[in-house]
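Please have the sequence and the model open side by side.

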Amino acid sequence: MSFTTKIEVTKADDSRHSNRLRKTEFSLVQLKNTWKRRTEKCLSQNDKGRVSAAKIFESVTEHGHSWTVVSPIIFTYKVVQSQNLLDPSNDTLFSGHIRDPHQLEAFKSNTKPVKRFVVIDETVNNIYGSQVIKYFEARNVIYRILPLPTTEENKSMELVMKILEEVHRFGIDRRTEPIIAIGGGVCLDIVGLAASLYRRRTPYIRVPTTLLSYIDASVGAKTGVNFANCKNKLGGYIPPAAAFLDRSFIQTIPRRHISNGLAEMLKMALMKHKGLFELLETQGRFLLDSKFQSSNGLGDHKDAASVSTRVAIETMLEELAPNLWEDDLDRLVDFGHLISPELEMKVLPALLHGEAVNIDMSFMVYVSRERGFLTEEETARIIRCMLQLELPVWHETCTLSLIRKSLCERLQHSGGLVRMPLPTGLGHADIFNDTSDETLTRAFEKWYKELNSRDHAIHETMTLNLSQHV
């Protein structure tokens, strides 16, 4: 992944226009461990040094000099599905993050003791901690395992500082000894932020243990913590060296947390992939019951668990890879994330992240229907699918006042536009900035009237509505 950063330094405060302006573009060549500026004209083929992709643009006026630095920065990271990640015979967790074959060979032949600092969620540690220890001891790794209560309520800078203090005491090489995060999305976010701060950027590895983190948090670049009672107010965009995905972790999480992850999968289905929606519509309950454990293993690409997770990850990466630093604020992956941050934090810990996201999506489906983008039949199918996935479609705290407040805050941090992703069909979507308050009000009234009831009544109503349209 890459982006370009521009840094401008000006040796004058006078910004008045000058007709006498001289601009020069310089390339940068490394010669004997020092970098030299070269104009295109002077860039000689005899210069046997390394030419950087960075450029320096110098401007000279009667008022002074200014320099603009254009520096492409490239991040490369791996997302790897693997079976039996904690089996000592599996090299993935030990060296799977090393991409270069020569570096891998050097790593394997090096006699220096290998060190690994591992942050693991407390609950995950109770289940898998002994396996993690056996894995590293089998490979003679010097390790430190730090179990932490990585819950949404504890997602703070205090926990980041706790990690940094322990890393500092343990001591690691910031180039070759990545920090490993094992846990759900909160754990991955916190550790990612800590790693990005330690010596300005220490590599880290993500090992998701929940469905939500498997298809969402593990595949992107975001790190962060909550601040000032706002979700992920502090953070950055530093991807891991690698994310290692093993679906077997999902079999030990509660059913509610599997539903929680299915919300993010449904998000990608509604935005981008009708086939994934139809799979969730027909196989969603089976995925819940089976906890995403395939009877035929990872190699069978036809089973529902393999197909759904693969498509969810591929569609997510399609959206994230070209916009890793969110330079473009028009993002389909923000569907379900316009109202949910405010709702989730207000009722914390009553709603899980995916549950808040689904309530947001449920309302936005009604907005889409009100605008004529979805038919009654499509709306009924979506809500019924949500209910089959055992996700909430309404919450008493999600009032019209909260919705308006959330959208106003959205305007403030989205360049003055609401940038509202809405489904325009099953598996199709677009970004809209022209949804009126009247439309929101009508959609809310219908949403409240149809879904503000007990779950079994909703099931019956939506099933009846669907049968009338089929």
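What follows moves from salt bridges to a surface patch, then to a helix and to loop geometry.

The model is predicted, so local features are taken at pLDDT of at least 70 and side-chain atom pairs at pLDDT 80 or more, while totals for chains, interfaces and linings use all residues. Residues are numbered from 1 along each chain as its sequence is written, and side-chain values use heavy atoms, with hydrogens and water left out.

Side chains of opposite charge can pair when their charged atoms come close. A salt bridge here is a side-chain nitrogen of Lys or Arg within 4 Å of a carboxyl oxygen of Asp or Glu. The structure holds 30 salt bridges. One of them is formed by Glu58 and Arg37, at 3.5 Å from N to O. This pair links distant parts of the chain, with Glu58 in strand E4 (residues 50–61) and Arg37 in strand E3 (residues 34–39), 21 residues apart. Strands and helices are DSSP runs numbered from the N terminus, a strand (E) having at least two residues and a helix (H or I) at least four. Glu58 is buried at 11% relative accessible area, and Arg37 is partly exposed at 39%. Buried means under 20% relative accessible area, exposed over 50%, and partly exposed in between (1.4 Å probe, protein chains only).

Within helix H7 (residues 255–272), Lys267 and Glu264 are three residues apart, which means about one helical turn between them. An α-helix has 3.6 residues a turn, so residues three or four places apart point the same way. The side chains of Lys267 and Glu264 form a salt bridge of 2.8 Å, N to O, and both residues are buried.

Glu326 and Arg331 form another salt bridge, their closest N and O atoms being 3.2 Å apart. Salt bridges that share partners join Lys222, Glu326, Arg331, Asp334 and Arg410 into one network. Of the Glu326–Arg331 pair, Glu326 is buried at 15% relative accessible area, as is Arg331 at 9%.

Arg175, Arg199, Arg200 and Arg201 form a positive patch. Patches are made of residues with over 30% relative accessible area and no salt bridge, like charges being joined within 9 Å and nonpolar side chains (Val, Leu, Ile, Met, Phe, Trp, Tyr) within 5 Å. Arg201 sits in the loop between helix H5 (185–197) and strand E10 (204–208), and is partly exposed at 42% relative accessibility.

Helix H12 (residues 376–388) has 13 residues and reaches 18 Å from its first C-alpha to its last, close to the 18 Å expected at 1.5 Å a residue. The expected span is 1.5 Å times one less than the number of residues. Its buried residues include Arg381, Ile382, Ile383 and Met386. What follows just after H12? Glu390 takes a positive phi of about 60° there, although Glu390 is not a glycine. Glu390 lies in the loop between H12 and helix H13 (400–413) and is partly exposed, with a relative accessible area of 37%.

Asn84, in the loop between strand E6 (78–81) and helix H1 (92–95), has a positive phi near 50°. A cis peptide bond with omega of about 5° joins Leu348 and Pro349; Pro349 lies in the loop between helix H10 (340–347) and helix H11 (353–370).

Note on methods
Accessible areas come from the Shrake-Rupley method with a 1.4 Å probe; for residues, only the protein chains shown count as cover. Lys and Arg count as positive and Asp and Glu as negative; His and the chain ends are not counted. The place of a charge is taken as NZ of Lys, CZ of Arg, CG of Asp or CD of Glu.
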